[in-house]
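Me: I would like to learn how to read this structure, feature by feature. Can we start with packing?

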Amino acid sequence: MTDSVLLTAIVVLLFNMALILWRAMRGPTAYDRLLAVNVFGTHTVLTIALLAFLNDDMAYLDMALLYGLINFIATIALLRYFKYRSFSRDQ
């Protein structure tokens with residue numbers, strides 16, 4: 001891919017991330033906010049991956065994978081907290 005295509009994709013993702021942040025702050029329910037934060041994390045992973053290809057440094061892909069795993073675990077933990085109002089396993 002050419003650098004201009006990658007830069008355009010990164011700019012579009014950053015614009016989408018700004019809209020997602022607006023949605024996260026304005027969301028009417030906690031679930032809407034959580035979904036917006038999860039989508040923001042997914043866009044962050046995509047942005048890091050595109051930066052890896054742009055800089056031709058594949059070490060960024062490891063960071064993107066780690067960030068994606070942390071995003072997934074945090075989403076599951078927060079959904080559990082919203083359902084049970086506790087992080088403990090004794091339900």
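Reply: Start with contacts, meaning heavy atoms within 4.5 Å. Here the buried residues of α1 pack against α2. Buried means under 20% relative accessible area, exposed over 50%, and partly exposed in between (1.4 Å probe, protein chains only). One caution: this is a predicted model, where local features need pLDDT of at least 70, side-chain atom pairs count only at pLDDT 80 or more, and totals for chains, interfaces and linings use all residues. Residues are numbered from 1 along each chain as its sequence is written, and side-chain values use heavy atoms, with hydrogens and water left out.

Me: Which residues of α1 are buried?

Reply: First the general idea. An α-helix has 3.6 residues a turn, so residues three or four places apart point the same way. In α1 the buried residues are Leu6, Ile10, Leu13, Met17, Ile20 and Ala24.

Me: How do I check the length of helix α1?

Reply: The expected span is 1.5 Å times one less than the number of residues. Helix α1 covers residues 3-26, which is 24 residues, so it should span 34 Å. Its end C-alpha atoms are 35 Å apart, which agrees.

Me: How many helices and strands does the protein have?

Reply: Helices (H or I, at least four residues) and strands (E, at least two) are DSSP runs, numbered from the N terminus. The protein has three helices and zero strands. The order from the N terminus is α-α-α.

Me: Take Thr44. Is it buried or exposed?

Reply: Thr44 sits in helix α2, residues 30-55. Thr44 has a relative accessible area of 14%, so it counts as buried. Not counting residues up to four places away in sequence, Thr44 touches Met17 and Tyr67. Its side chain also reaches the backbone oxygen of Phe40 at 2.8 Å.

Me: What does the side chain of Asn71 join in a polar contact?

Reply: A polar contact is a pair of N or O atoms within 3.5 Å; within protein, one must be able to donate a hydrogen and the other to accept it, and residues adjacent in sequence count only if both atoms are side-chain atoms. Asn71 lies in helix α3. Its side chain joins that of Asn38 at 3.1 Å. Asn71 is buried, at 13% relative accessible area. Leaving aside neighbours within four places in sequence, Asn71 is in contact with Val37, Asn38, Gly41 and Thr42.

Me: How many aromatic pairs are there?

Reply: Rings of Phe, Tyr and Trp (its six-membered ring) pair if their centres lie within 6.5 Å; planes under 30 degrees apart count as stacked, over 60 as edge-to-face and the rest as tilted. The count here is two. Tyr31 and Phe82 have ring centres 5.7 Å apart and planes at 75 degrees, so that pair is edge-to-face. The pair links distant parts of the chain: Tyr31 in helix α2 and Phe82 in helix α3 (residues 59-84), 51 residues apart. Tyr81 and Phe82 form a tilted pair, 6.4 Å centre to centre with 55 degrees between the planes. Tyr31, Tyr81 and Phe82 form one aromatic cluster.

Me: How exposed are the members of that cluster?

Reply: Tyr31 is partly exposed at 49% relative accessible area. Tyr81 is partly exposed at 31%. Phe82 is partly exposed too, at 23%.

Me: What share of the residues in the protein is buried?

Reply: Buried residues make up 22% of the 91 residues. The C-alpha atoms fill a box of roughly 50 × 30 × 10 Å, taken along the principal axes.
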